[in-house]
Each structure stands twice: as structure tokens, then as C-alpha cells.
Amino acid sequence: MTRAIRIHKNGPPSVMKWEEVEIGKPKKGEVRLRQTAIGLNFIDTYFRAGLYPQPLPLILGSEGAGVVEALGGGVTGLKVGDRVAYAGGPIGSYAEQRLIPARHLIKIPKEISDQTAAAMMLKGMTARYLLRDTYRVKKGDTILVHAAAGGLGLILCQWASHLGVTVIGTVSSKQKADLAKAHGCHHLIIYTKQNFVDRVKRLTKGAGVQVVYDSIGKDTFPASLDCLQKRGLFVSFGNASGPLPPFVTGILTQKGSLYMTRPSLFDYVGTRPELEANARDLISMVKKGVVKIEINQTYALKDAARAHRDLEGRKTTGSTVLQP
């Protein structure tokens, strides 16, 4: 038996229960992982609330790090005692131990701690595909990053700045603005005090940005479209304020023949070569110090409900780790 955070119905953080669960032995292609650190991500709240439906009961969580304790049949390239991390695959990281397909695991180099690995995989690989695959940013581009002081926002700002991109970020407070600026964001907009569309227009001399990276959803739509240059790209990849409302696609024509995409990490790392390429780039950036993973909150795993309340209440900055 092991202990885990499990939900039996969808709802607010109070539906999360700290329970004993039976995980069994690893099947063919699986490993049993003793988890040493678990990453908290906004997508976890979507699964908890039922925005992204899953069969119940459900152990939450999409990201973690730990030590391989047992191998199922046919597993190659790993051995008992290896330090590994993952993002994606079957949900279920909010647990002291878990079973997971070996194909989702990436070995952690000694230079990266378990806590950093657990905090960087989902957000870091998301940043990588957003900047290198969804739209390949290049030196001289200007982009808008909403929630620039969040865990993913800080990674996006650092990575994009390293690539020669001018980064405009939105945040809710002066404290968060200072944090984002220290991580490569060139221009900060405190959206609680400033109109972000007007500020983007002034900063770009009316031209708009090449790309808007929007993890907020309802509260920043359709205003985000007004920040784009003609034929610019609106990347909607989160729903922190709620899902986008239905809209007529003709609005994309009216606002300058815009492009829009709704990407998911799991479609960019669906094959082992894609996963390895993405993780390799991320690990390289972290090892070189180009991307620093800011773990600004740590909670005991059993207190995951409090972590969810703080995350949804916008009381967190950077990345958050749950400690088994």
C-alpha cells in the first residue's frame, strides 16, 4: 500500500482526499517509481474540477521525479536506482509511489535536483514546444506572455530572451512584475492597473506582436487578438480564468487574418524521439543556467488541497513542488 491524493467526485479542492491505495507490481513495459518530488500545474485543477473529464476515482497529477524501484518485463535502458522525471503519460503523480510506463521517463543528470526536475518537466517542455515548434521564435520578434510570473511564464521569458526575442509580459502586481523582469521579461504590464492592449500597441508603435501566448483564457479573450500584428498567431494553451467563450471564426479575419491554435504538450511529445528531443533541449538550457527553475512554494503532498487553493487564488509565483 502507498498513500496518494485521490478524488471520488469532481469539484473544489475539498474533494481531494489523502488515502491509502494499492498500486501492485509493474506490468510489461512499466516501472514502479518511488516519488521524491511532484510538480504542481494548473492543468491539475482542470482534472480535479472536471473541465477535462477522467474516469473516477482518480489520483491527480501529471509531473514528478523519483527513483526506479522495480522493473516490469521488457523494460530496457533503465535500472533499479535510476533517478528519473516525467511529464505526461497516465495521470497519477500525486502519490508516494506509482506505476508508470517506462517510455515516459527521462533520466535526470546529477547536476539537476529531484525538486528541480519535478518542477521543470511539464512547464519546461511546454515552453520548449511553444517557442520552437508551435511558432519558431527568432531574434527580433516581439511576443506577449500572459501570466509572466507563473512557473511557465518565467521559463518562457528566460528562454525567449536568450533567443533574442523582446518579451512583453502581463502580471497582476508590482511584486510579480519585479520577478518577471528579473527573469528576462523586458516590458511588464500590470493588468489590474493598465489596459494591456493599449500598452502593447504603444510598446510596438502600433504594429502588434508576432505571437500571444495565453494561458489565462476567458479574461484575456478577445483582447489578446487585438495585440497581434496582421497574420499574427494566438496561442491559447490554458484556462486559468475559465475556458474561452464560443466565438465566430470570422473575428480572426476582421482582426487581421489571424492564426489561432490550441496546442497540448502531449501532441508534441507523443513519440519517444519527440520526447527525448524536447527533454534534451530543456535539460541543456537548465544545466547551462539559461533557464533557472524558481521553486517558490513547497507543500507536503498531503496538503495538496491547500496548494490548489493558493494556485487558483493567484497567491503563488514561479513553480510549486509537492513533497511526499
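**Entry 1: a parallel pair**

I began with strand β9 (residues 142-145), which is joined to β12 by 3 bridges, the two running parallel. A reminder to myself: this is a predicted model, and I read every entry below with that in mind.

Next I looked up who faces whom along this pair. L144 stands opposite V212 in β12. V145 has Y213 as its bridge partner in β12.

I then followed β12 to β13. These two also pair in the parallel sense, over 5 bridges. Here V209 has L228 in β13 as its bridge partner.

How many residues of β12 are buried? I found that 6 of the 6 are, so β12 is largely enclosed by the rest of the structure.

**Entry 2: the sheet around it**

A note for anyone new to sheets: strands pair through backbone hydrogen bonds, either parallel or antiparallel. In a regular strand, side chains alternate between the two faces of the sheet.

**Entry 3: an antiparallel sheet**

I looked for the other kind of pairing and found it. An open sheet of 3 strands has the order β2-β1-β4, and its pairing is antiparallel. The edges belong to β2 (16-21) and β4 (58-59), each with a single partner strand, so one side of each lacks a neighbour in the sheet.

Strand β1 (residues 2-7) pairs with β2 in the antiparallel sense over 6 bridges.

**Entry 4: aromatic rings**

Now for the rings. A pair of aromatic rings is described by the distance of the centres and the angle of the planes. I count 6 aromatic pairs here.

I started with Y46 and Y52, an edge-to-face pair at 5.2 Å centre to centre with 70° between the planes. Are these two buried or exposed? Y46 counts as buried, at 8% relative accessibility, because the cut-off for buried is under 20%. Y52, at 27%, counts as partly exposed.

Both also belong to a cluster: ring pairs link F42, Y46, F47 and Y52.

I moved on to another pair, F221 and F247. Their rings are tilted, 5.0 Å centre to centre and with 50° between the planes. Where do they lie? F221 is in the loop between β12 (209-214) and β13 (228-236), and F247 is in the loop between β13 and α6 (250-254), so the pair ties together parts that are 26 residues apart in sequence. F221 is buried, with a relative accessible area of 10%, whereas F247 is partly exposed, at 29%.

**Entry 5: the largest pocket**

I turned to the open spaces. The largest pocket holds about 1000 Å³ of space. It is lined by 47 residues, and the closest to its centre are F42, A147, L152, S215 and A240.

Which elements each supply at least two residues of the lining? They are α1 (42-49), α2 (114-134), α3 (151-162), β10 (166-171), α7 (265-268) and β16 (319-323). By class, I find 24 nonpolar, 18 polar and 5 charged residues in this lining.

**Entry 6: a cavity**

By class that gives 8 nonpolar, no polar and 1 charged residues. Both β8 (106-107) and α2 supply at least two residues each, and the largest share, 3 residues, comes from α2. I had already noted α2 among the elements that line the largest pocket.

Conventions: Residues numbered from 1 in each chain as written. Predicted model: local features only at pLDDT ≥ 70, side-chain atom pairs only at ≥ 80, totals over all residues. Heavy atoms only, no water. 1 Å grid on protein atoms, 1.4 Å probe; cavity = no way out; pocket = protein on both sides within 12 Å on 5 of 7 lines; lining within 4 Å. Points joined across faces, edges and corners; volume = space filled by probe spheres on them. Helix = DSSP H or I, 4+ residues; strand = E, 2+ residues; numbered from the N terminus. Nonpolar A, V, L, I, M, F, W, Y, C, P; charged D, E, K, R; others polar. Pairing = 2+ DSSP bridges. Phe/Tyr/Trp six-rings, centres within 6.5 Å; stacked < 30°, edge-to-face > 60°. Buried < 20%, exposed > 50% of the residue type's maximum accessible area, 1.4 Å probe, protein only.
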